[in-house]
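Here are some questions and answers on a protein chain. Look at the sequence and the model before reading on.

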Amino acid sequence: MDPQKLQTLLKSCIASSKSLKHVKLLHQKTITHGHHNNLSLSKTLINLYFLNHSFKSARQVFDAIQNPSDVTLWNALLSSYTKNRLHREALDLFESLRCSHHSSPDNFTYPTVLKACGGLKDHLQGSKIHTHIVKSGFESDIVVGSSLVGMYAKCGLSKVAIFMFDEMPERDVACWNTVISCYYQDGKPREALETFDAMRGLGFVPDSMTYPTVFSACARVRALEKGREIHEELVKKGFEFDGFVSSSIVDMYGKCGCLEEARAVFERSTNKGVVSWNSIIGGYALNGDSKSCLELLLRMIEERVRPNTTTVSSLLVACSRKSNLRHGKLVHGLVLRMAIELDLFIGCSLIDLYFKCGNVEYAKHVFKGMPKESVTPWNVMVSGFVMVGRYFEALEIYNAMGEAQVRPDMITFTSALSACSQLAALEKGREIHQRVIEHRLESSEIVMGALLDMYAKCGAVDEARLVFDDLPVSDLVSWTSMIAAYGSHSRSREALEIFHEMRRSEVKPDGVTFLTLISVCSHAGLVDEGCHYFNLMKDEYMIEPRLEHYSCLIDLLGRAGRLDEAYNILQNNPNLGFDAELLWGMLSACSLHRNLELGEKVGELLIERDPDDPSVYIALSNMYASAGRWDDVGKLRVKIRKKGLKKKPGCSWVEVDKRIHQFFVEDKAHSDKEASDRFNINSQLEHLQAKYVGTGHADLNRFEWAVNIHRDSYASFVGHYPMLAYFAIAENESIGRERYNFMQSDVRWVLDGIEDLASGFEGVVEEVEVDEGFGEGEVVLVAMGGGFLVEELHLFQ
């Protein structure tokens, strides 16, 4: 059989997609008739074997040729390797060609082998081949030069790629596209657009590979007019939009907030692929329109386009932005029903969605089913618990992460330190600080800023200052945190000095900084200084005061007793709208300075805003009690009962041996059985109650008694240092303060009883003194008549 007939048969295999078996039969015929050295037949056989993914057979065809001298045969096999992403095999073959005595690389060889280097991101091998190109004299070849630019770009060496481009004597559209892409991938979209303009200015005609990058650059810098101009120009020229160009235009309009234009381009597109659908869904997702996203998803499925992980990610973004739990569950169900791979990104997006929607149990369920080798899902869980205010669980996840031997990163430490800040868990924070040092993250501004915040909020101001002084860069946040740290621990002069240091270092303060300063002045009683900083903020730094600034200023004036000035600020700024926070600040000031007339006005405003807030009634009741208006106290207490209002139970916690114990008002149990058995507080309370009720002091038979350790006391006892205890007389409407006189012996007996209670714990109550006519000292006996009569006894270590 002659070679021409064999060639015809082989080409018919390509046209008719014959099976590998037919190809091997023809290969056998070729060898049988002695045509295995025929270059044309060998190239066709290699091509056929690659089409059937029989790569070893293709190489056998090549190896059977004795001393292949025609470089086109080498190039054919090299090209087939790179097209099938067998880049390492392509480089090995190139090395054989370079060492061959019968042939050498040409200007068609180098672009192919450079593509293999780019595919492997092997810039070292690419640099060696670059050297061979220079020695061979092919550097001036436009295709070879363009391939060099592309290779360096794919290896992540954008600067080298751009340098090579600048040195090229001649350029083609491909190398322009590569450089535009380099700028875009390197985070320089404006330079990408400038290069595009230069390309057109020199007469080069952009192609379908140019425009997707250009429209993406417009989207990144929100250059809507630029993108719209290019789009309109393409429409006028009758440019044929393929799927990628259309998708990039849709993406550009979507990211620029022009959803109507994005939708119009999308609807005009023919052969909508998954990329097109993802672009339009992504546009709606950025606006949090989960309803439109789901409608598009249903259309997508109806048109038999299968969603991928990018589709699901966009849908979850839309649900997260508006915290739409129902739609989020629908997307989650879709992932399960369509068996879409729950990759790391989708899993973490689901966890984040459920946390943002407040559904912690669902987030925990998703996390439970995820692989946990990566730090990312752990980080999402820790930060999620912090976001919803469940700081104890955040630290539990952090501890479990260590047990699972997953290496934490900056995000882990930042979130865990935030939890410690909120809980004032200083020892745990110090432990995390030690781990930060072990992981050599002291140079991270984010982590060190979180450490500074943690020490400041835990009261370790000197340690906070050490962290501050070691910061690689002291930014606005760290300066503000340090001011707050000093201010919140009554070191106001040092706080103000820090602010002056900040100004000297030319860091410009913002509204948060001034809010912190005014708050410091308020707590330190520095009224004139606080007013000065308020005016400095407005006049010198041109920062418009916000609601919180006015709230702090009112608190500053209120604490100093300048109530009329504070109230005038409220009345003269109608845009403040009698905000609840501002009114509460005024009410506290009125209570402090016993200005009942103004307090009643403010209280009425607060009740108008929220008639069901029990705190307002209780605050007014306390003011009436201080003024001796017991009838008004009784009326308010009756109103509270009729409305069925109750205060939310308070919670306290204490850190012992790096463990955090939490307690609620009227807590009857402790999660740690060993701690409960050890302290046995409830049984001690019952003993004290029985002992006290049986004494007959102050005609106690007329009252129903209840003895409770206050939540702070409970936490303090577990922490080995009793500080506060409360003794309460339960409800009795018929007795007012004037008709009930405590005897010194009664009070002393109560104190003795609580000392007995505390005697089982470390720490001894050495001195307890009572005010309100029973002695001098810091501790106050509080008696509220009408509805309740309460003794408040403060114990000091």
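Q: Leaving aside its neighbours within four places in sequence, which residues is T480 in contact with?
A: The model is a predicted one. T480 lies in helix α29, which covers residues 476-487. Once the neighbours within four places in sequence are left aside, the residues in contact with T480 are V512, T513 and T516.

Q: With which side chain does the side chain of T480 make a polar contact?
A: A polar contact needs a pair of N or O atoms within 3.5 Å. The side chain of T480 has such a contact at 3.0 Å, and the partner is the side chain of T513.

Q: Is T480 buried or exposed?
A: The relative accessible area of T480 is 9%. Buried means under 20%, so T480 is buried.

Q: How many disulfides does the structure hold?
A: C155 is in no disulfide, as the nearest cysteine sulfur, that of C117, is 7.0 Å away. For the structure, the number of disulfides is zero.

Q: Which residues does N75 touch, not counting those up to four places away in sequence?
A: N75 has its place in helix α5, residues 71-83. N75 is buried, with a relative accessible area of 11%. Not counting residues up to four places away in sequence, N75 touches D106, F108 and T109.

Technical notes. Residues numbered from 1 in each chain as written. Predicted model: local features only at pLDDT ≥ 70, side-chain atom pairs only at ≥ 80, totals over all residues. Heavy atoms only, no water. Helix = DSSP H or I, 4+ residues; strand = E, 2+ residues; numbered from the N terminus. Buried < 20%, exposed > 50% of the residue type's maximum accessible area, 1.4 Å probe, protein only. Polar contact = N/O pair within 3.5 Å; in protein donor to acceptor, adjacent residues only side chain to side chain. Contact = heavy atoms within 4.5 Å. Disulfide = S-S within 2.5 Å.
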